[in-house]
Amino acid sequence: MSDSKNFSIAAVFSNHMVLQRNKWTAVFGEAEDGSIIKASLYDDKGAALCENSCIAENGRWLLQLEPQLARTGCSLVVSSEEKEIEFTDIAIGEVWLAGGQSNMEFELQNCKEGPAELADETAGKNVRFYYTNKIGWMDDKFFEAERQTCWQTWESPSRGAWSAVGYFFAKKLAADLDCVVGVIGCNWGGTSASAWMRREYLEEDRDLNTYLTDYAEATRGKSIEQQCKEFDEYEIENAKWQEKFGKLWEKQPGITWAEAEKILGKNPWPGPASCKNPYRPCGLYDCMVARILPYTLKGVLWYQGESDDHKPSFYYKLFRSLIDNWRSDWKDENLPFVFVQLPVHRYEADPDFKHWCIVREAQAKVSSSVRNAWLTSAFDLGQYSDIHPVAKKELAERMEKNAIANVYQLIPSVDAAAPQIEGCYPCGNLDSEGHGQLVLSFSNAPLGFEVREDKVRLEEYKKMEEIQGCTVSPEFTGFEIAGSDGIWHAARFALGGTDGKQNTIVLCNNKVRHPVAARYGWYNYGPVIIYGKNGLPLCPFRITAAGKSCGSKGTENIGHAKIQQIMTV
């Protein structure tokens with residue numbers, strides 16, 4: 001008989017857990033090599049549903065239990081030769097991982113809809129939540145804290161700390177599917193996608209490898225002990241700063257971050273580059289993702305991108321590599337990703353860097369080029385001068401509708417999809433003043449569009465531009481066109497009517513005789529006025545008139561290099 005004193009099951013298994021229905025269920029942990037591990041699943045009456053066993057190798061064990069239908073009140077018994085562990089009140093339903101950074105981490109108790117939800121004793125009765133241990137360095141403190149993690153039900157006093165987006169998604173999904181939905185929180189505010197990936201997925205691409213080389217350069221010559229010491233000192237300093245900020249906020253509610261730093265000094269976040277800093281490349285993959293692998297999931301909810309705006313042109317490859325990484329590790333090449341396209345955002349005093357535009361474009365490209373990865377538009381859900389919109393329910397329910405349409409295929413996909421640019425071509429029909437027009441065509445807009453006034457965001461946009469010494473054209477609508485000179489001009493627009501198609505928009509401007517490029521919503525923060533008939537906002541875009549032509553002159557001789565130059569303005 002093998003020594004089983006080191007036998008354990010991964011911390012993600014606990015009482016009240018949710019197991020994924022209709023899929024083989026992974027059960028895993030650690031044990032001495034050669035140990036025989038057995039797992040048995042029972043229904044609410046104690047009748048056996050299934051069982052399996054395996055032999056531990058390389059200090060770990062993994063077995064698979066047969067797919068089951070949705071039910072509650074189950075129990076799971078996992079045993080070695082000398083030890084038995086039992087878990088009770090298990091639900092079999094749907095399991096989703098809620099990944100990303102602070103807008104996914106944003107707690108239910110802090111969101112606009114949270115207080116009313118938390119006051120209802122039965123609101124989340126069919127939602128359960130597990131938060132992956134949130135410590136970015138594996139020391140004794142890490143393992144002790146991990147042993148304290150567990151699945152929580154709506155009766156938990158900690159439910160206010162659940163991810164608001166994850167909760168509202170799960171609540172709606174549970175109602176639509178009539179089963180319990182479990183959410184695994186695996187998120188951390190301020191993190192780059194590179195923190196959530198295995199090293200080899202960053203190493204294999206020259207651009208993505210810069211995340212590793214930047215970190216290596218910042219820690220060059222520093223021992224592990226020195227890095228840990230510096231980070232520990234930072235945490236003390238940051239805690240003191242945050243305490244002072246809390247007191248300042250009590251005296252001056254609404255004070256801006258910049259104003260606070262003038263009074264208190266610069267906030268030290270995110271701290272020094274360090275092996276102990278959770279923002280380091282691959283750090284949270286090791287400390288969070290790997291700790292729950294390969295717990296059986298239905299899919300992934302992802303809300304991230306804000307912290308990669310310093311390298312926006314790399315984001316397409318970065319996010320696509322993360323998806324490949326996780327699908328490989330979960331051994332599910334079709335693992336669904338339902339993700340959020342970044343909303344409008346810009347701090348009042350900042351220039352419009354237009355880097356979020358590029359991240360949004362990369363997210364749209366992932367949606368169109370990666371199978372089973374679906375974009376959820378949040379363009380209109382940003383909050384003025386605040387990176388954390390406090391209203392989370394509408395976004396979460398858009399994500400849920402996206403899942404219902406595409407993952408569960410219970411409604412037509414077009415009902416859950418925001419309109420996206422499909423094509424752009426010059427039209428030979430000049431406007432009344434003899435100027436060329438661009439015709440834009442869109443997917444996910446079979447019934448056309450509607451225009452909504454957005455006076456508040458327009459005025460906020462004008463105010464921010466005025467601070468930067470810029471003037472916004474009275475004709476500004478969010479649509480712009482450019483000719484071969486590469487200068488962008490506000491464009492007039494007309495909805496539909498081209499060849500009887502409702503999914504088209506025609507643009508023109510009397511200063512642009514031969515337009516060659518168009519864009520919409522190409523700002524970090526600004527008005528959102530065009531919506532599909534399904535109520536979802538048109539996704540921002542930029543495009544050249546290179547797809548089709550209907551007789552226009554003036555664009556044929558513009559070379560590729562010139563087009564590229566225009567599109568980088």
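## Crossing of H7 and H8

In this predicted model, helices H7 and H8 cross with a right-handed sense. Helix H7 spans residues 224-251 and helix H8 spans residues 257-264, and the two pack at an angle of about 115° with their axes 11 Å apart. Because angles of 65 to 115 degrees count as roughly perpendicular, H7 is described as roughly perpendicular to H8.

On the H7 side, the contact is formed by Trp 241, Gln 242, Lys 244, Phe 245 and Leu 248, which meet Trp 257, Ala 260, Glu 261, Ile 263 and Leu 264 of H8.

Thr 296 is placed in the loop that runs between helix H9 (283-292) and strand S11 (299-303). Its relative accessibility is 8%, so Thr 296 counts as buried, the cut-off for that class being under 20% relative accessible area.

The side chain of Thr 296 takes part in polar contacts with the backbone of two residues: it reaches the backbone oxygen of Trp 24 at 3.3 Å, while one of its polar atoms lies 2.8 Å from the backbone nitrogen of Ala 26. When neighbours within four places in sequence are left aside, the residues in contact with Thr 296 are Gln 20, Lys 23, Trp 24, Thr 25, Ala 26 and Val 95.

## Cis peptide bonds

Most residues other than glycine have a negative phi, and most peptide bonds are trans. Against that background, the bond joining Trp 269 and Pro 270 is cis, with omega about 5°, and Pro 270 belongs to the loop between H8 and H9.

A cis peptide bond also leads from Leu 293 to Pro 294, where omega is near -5°. Pro 294 is located in the loop between H9 and S11, which is also the loop that holds Thr 296.

Asp 89, a residue other than glycine, has a positive phi near 55°, and its position is within strand S8, which covers residues 84-100. With a relative accessible area of 29%, Asp 89 is partly exposed.

Ser 385 likewise is not a glycine and has a positive phi, of about 55°. Ser 385 is found in the loop between strand S13 (373-376) and helix H12 (393-406), and at 25% relative accessibility it counts as partly exposed.

Note on methods: Residues numbered from 1 in each chain as written. Predicted model: local features only at pLDDT ≥ 70, side-chain atom pairs only at ≥ 80, totals over all residues. Heavy atoms only, no water. Axes fitted to C-alpha atoms, helices over the stretch in contact; angles between N-to-C directions. Helix = DSSP H or I, 4+ residues; strand = E, 2+ residues; numbered from the N terminus. Parallel < 35°, antiparallel > 145°, perpendicular 65-115°, else oblique. Left-handed = near helix turned anticlockwise from the far one by under 90°. Contact = heavy atoms within 4.5 Å. Buried < 20%, exposed > 50% of the residue type's maximum accessible area, 1.4 Å probe, protein only. Polar contact = N/O pair within 3.5 Å; in protein donor to acceptor, adjacent residues only side chain to side chain.
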